[in-house]
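Look at the sequence and the model shown below.

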Amino acid sequence: MSRFEPFGLTPIYAMRYGTLSIASRVGGMRDAITDAGDSAVPDARGTGVLFDGEGAQDMAHALRRALDITGDERLKRQLRRNGMGGNCGWDQLASNYAELYCSMVPSTERELFLAASENSARFERSTYALPSLGECDAAQRRVPA
């Protein structure tokens, strides 16, 4: 449990592989995880369970919520699929930045800039690529629920 977390890479990796993440509602965690509510009023758009507070009882309550939610197989499958299907890649962000920068580059330099940004994006995708959703689905089928 963190009091501060600038970005939640760990839950993003966990969700990509079908794990329901449980985290304190701090920093990047609240950006990375969509709270699933509780079993009385579940939010089928959720990807995990967030909690407020710093005490053991706060975390225990979040664990109880997660266990209650996962008791509903349909909801559990939906939440896992939500997390696995999230787009956390750089493609859209890189495209947005390239568009912004391109708008600032003089028209005579744009072609040079676009070629450089495409090479950079290709390097990023090959170096830091997460498995595809299909690869994750195949891996999940091999692991008993």
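Buried means under 20% relative accessible area, exposed means over 50%, and partly exposed lies in between, with a 1.4 Å probe and protein chains only. In a regular strand the side chains alternate between the two faces of the sheet. Helices (H or I, at least four residues) and strands (E, at least two) are DSSP runs, numbered from the N terminus.

The model is predicted: local features need pLDDT of at least 70, side-chain atom pairs count only at pLDDT 80 or more, and totals for chains, interfaces and linings use all residues. Residues are numbered from 1 along each chain as its sequence is written, and side-chain values use heavy atoms, with hydrogens and water left out.

Which strand does β2 pair with? β1 and β2 pair in the parallel sense over four bridges; two strands pair if DSSP finds at least two bridges between them. Ile-22 stands opposite Val-49 in β2.

Val-49 and Phe-51 also belong to the largest nonpolar core, together with Leu-20, Ala-36, Ala-62, Ala-66, Ile-69, Leu-75 and Leu-79, nine residues in all. A nonpolar core is a set of buried Ala, Val, Leu, Ile, Met, Phe, Trp, Tyr and Cys residues joined through side-chain atoms within 4.5 Å. To this core β2, α3 and α4 each supply at least two residues, and α3 gives the most, with three. Ile-69 is in contact (heavy atoms within 4.5 Å) with Ala-36, Gly-37, Asp-38, Ser-39, Val-49, Leu-75, Lys-76 and Leu-79, leaving aside its neighbours within four places in sequence. A second, separate core has eight residues, including Met-15, Ala-23, Val-26 and Ile-33.

Now to the charged pairs. A salt bridge is a side-chain nitrogen of Lys or Arg within 4 Å of a carboxyl oxygen of Asp or Glu. By this rule there are four salt bridges. One of them joins Asp-52 to Arg-25, with the closest N and O atoms 3.0 Å apart. This pair links distant parts of the chain, 27 residues apart: Asp-52 is in the loop between β2 (48–51) and α3 (56–70), and Arg-25 is in the loop between β1 (21–24) and α2 (29–32). Arg-25 is partly exposed, because its relative accessible area is 34%. Gly-53 is also found in the loop between β2 and α3. Gly-53 and Arg-25 are 28 residues apart in sequence and 8.2 Å apart in space, C-alpha to C-alpha.

Arg-65 forms a salt bridge with Asp-35, the closest N and O atoms lying 2.8 Å apart. Here too distant parts of the chain are linked, 30 residues apart, with Arg-65 in helix α3 and Asp-35 in the loop between α2 and β2. Is Arg-65 buried or exposed? Its relative accessible area is 12%, so Arg-65 is buried.

The side chains of Glu-73 and Lys-76 meet in a salt bridge of 3.2 Å, N to O. Glu-73 and Lys-76 are separated by about one helical turn, because they are three residues apart in helix α4 (residues 73–85). Glu-73 counts as partly exposed at 40% relative accessibility, whereas Lys-76 is buried at 17%.

Tyr-101 lies in helix α5 (residues 91–104) and counts as partly exposed, at 41% relative accessibility.
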